[in-house]
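Please report on the disulfides of this protein.

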Amino acid sequence: QVAESGGGSVQPGGSLRLSCVPSGFRLDDYAIAWFRQVPGKEREGLSCVNSKYDWNYYAPSVKGRFTISRDNAKNTVDLQMDRLQPEDTAVYYCAVEKLILCTDFELYNSWGPGTQVTVSS
């Protein structure tokens, strides 16, 4: 089980940092991905990091603005979101799974409840 923290409201051009926090286990052996979903639209895989820490992925819509990172001391995976725009408004989810490539977005089974991110002036 995982949970997201760090959502909220920000003006265009601002930043937010989301954290994916596990309950009762270490994230070391898991692929972790961040998704977002807007009502009426398909869920979008934004970024992920694989279990070997040696590769990560960014969707074109967020590349250069979002940064995924593991904090082994805190046992979290964070998503730093910079230069946010109104089109980034969505519910953001983290998901974890073992024994997959982190970009196998359809294979994630453990999801957090989501956190709302709103970007508006």
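The torsion about the S-S bond of Cys-48 and Cys-102 is about 50°, so this disulfide is right-handed. A disulfide here is a pair of cysteine sulfur atoms within 2.5 Å. Cys-48 sits in strand E5 (residues 44–49), while Cys-102 sits in the loop between E9 and strand E10 (110–111), so the link ties together parts 54 residues apart in sequence. Strands (E, at least two residues) are DSSP runs, numbered from the N terminus.

This is a predicted model: local features need pLDDT of at least 70, side-chain atom pairs count only at pLDDT 80 or more, and totals for chains, interfaces and linings use all residues. Residues are numbered from 1 along each chain as its sequence is written, and side-chain values use heavy atoms, with hydrogens and water left out.

The count comes to two disulfides. The other link joins Cys-20 and Cys-94. It is right-handed, with 70° about the S-S bond. Cys-20 lies in strand E3 (residues 16–22) and Cys-94 in strand E9 (residues 90–97), distant parts of the chain 74 residues apart.

| Disulfide | Sulfur–sulfur distance |
|---|---|
| Cys-20 and Cys-94 | 2.2 Å |
| Cys-48 and Cys-102 | 2.1 Å |

Are these cysteines buried or exposed? Buried means under 20% relative accessible area, exposed over 50%, and partly exposed in between (1.4 Å probe, protein chains only). Cys-20 is buried, at 0%. Cys-94 is buried, at 0%. Cys-48 is buried, at 0%. Cys-102 is buried, at 1%.

Counting bonded cysteines along the chain, the pattern is 1-3, 2-4.

Terms used:
Helix = DSSP H or I, 4+ residues; strand = E, 2+ residues; numbered from the N terminus.
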